[in-house]
Amino acid sequence: MKERNNNMKKAFVFDFDDTLAFTDAHIVVHGQDCEWHKLTPDEFNRYELQHGEWFDFSEFNNPEYILNGKPTKLVQLASEVYCEGHDLFILTARNDSVADAIQDFLSRYGIKATAVHCVGDDGSDIAKNKRKVLLTIMEAYDKIYFYDDDQKNVEAAQEIGVKSYKV
């Protein structure tokens with residue numbers, strides 16, 4: 001059982017896209033008729049594939065989109081909690097190929113993530129994958145704060161007792 005005292009070990013966990021940064025990366029929807037359209041991360045959160053459609057995440061695998069990203073207001077909070085000595089994690093639906101670029105983006109603001117967890121590699125349920133990572137983080141911390149722009153991810157975190165905020 002974790003010891004409760006004035007030195008609670010806290011972790012702050014942030015999604016990346018539309019939570020800490022805005023990028024120009026889109027998810028492309030392809031269909032059998034070869035027509036396609038582009039979705040923003042927010043549109044993707046609500047989009048349901050139709051029969052014969054599939055997602056193309058290639059722009060999200062390109063580090064340039066991250067490095068050219070613009071910070072959100074939440075970068076200030078991330079910087080503050082990092083400067084206070086708390087551990088900071090990134091939990092993103094992107095894949096592992098861009099983890100270094102995310103660290104480089106954060107370093108511009110004086111932030112170094114303890115870890116960048118990328119859960120978008122296998123194409124399965126992102127909320128479920130994020131929940132698994134949060135359960136692992138919970139083993140080492142007394143209190144976890146989670147920030148994400150997708151309501152499904154926030155609800156999955158709340159179900160396991162993580163203090164969660166939709167941004």
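Visitor: How many helices and strands does the chain have?
Guide: The chain has 6 helices and 10 strands, where helices (H or I, at least four residues) and strands (E, at least two) are DSSP runs numbered from the N terminus. This is a predicted model, in which local features need pLDDT of at least 70, side-chain atom pairs count only at pLDDT 80 or more, and totals for chains, interfaces and linings use all residues. Residues are numbered from 1 along each chain as its sequence is written, and side-chain values use heavy atoms, leaving out hydrogens and water.
Visitor: And how much of the chain is buried?
Guide: Of its 167 residues, 44% count as buried, meaning under 20% relative accessible area with a 1.4 Å probe, protein chains only.
Visitor: Which residues have the most contacts inside the largest nonpolar core?
Guide: They are Phe14, Phe16, Leu20, Leu88, Ile90, Ile102 and Leu106, in a core of 24 residues; such a core is a set of buried Ala, Val, Leu, Ile, Met, Phe, Trp, Tyr and Cys residues joined through side-chain atoms within 4.5 Å. Helix H4 gives the most to this core, with 5 residues.
Visitor: What does isoleucine 102 touch?
Guide: Leaving aside neighbours within four places in sequence, isoleucine 102 is in contact (heavy atoms within 4.5 Å) with Phe16, Ile66, Ile90, Thr92, Arg94 and Val116.
Visitor: What does the second core include?
Guide: That separate core of 14 residues includes Val119, Ile144, Phe146 and Val162.
Visitor: Changing topic, what box do the C-alpha atoms fill?
Guide: Taken along the principal axes, the box is roughly 60 × 35 × 25 Å.

Note on methods. Buried means under 20% relative accessible area, exposed over 50%, partly exposed in between (1.4 Å probe, protein chains only).
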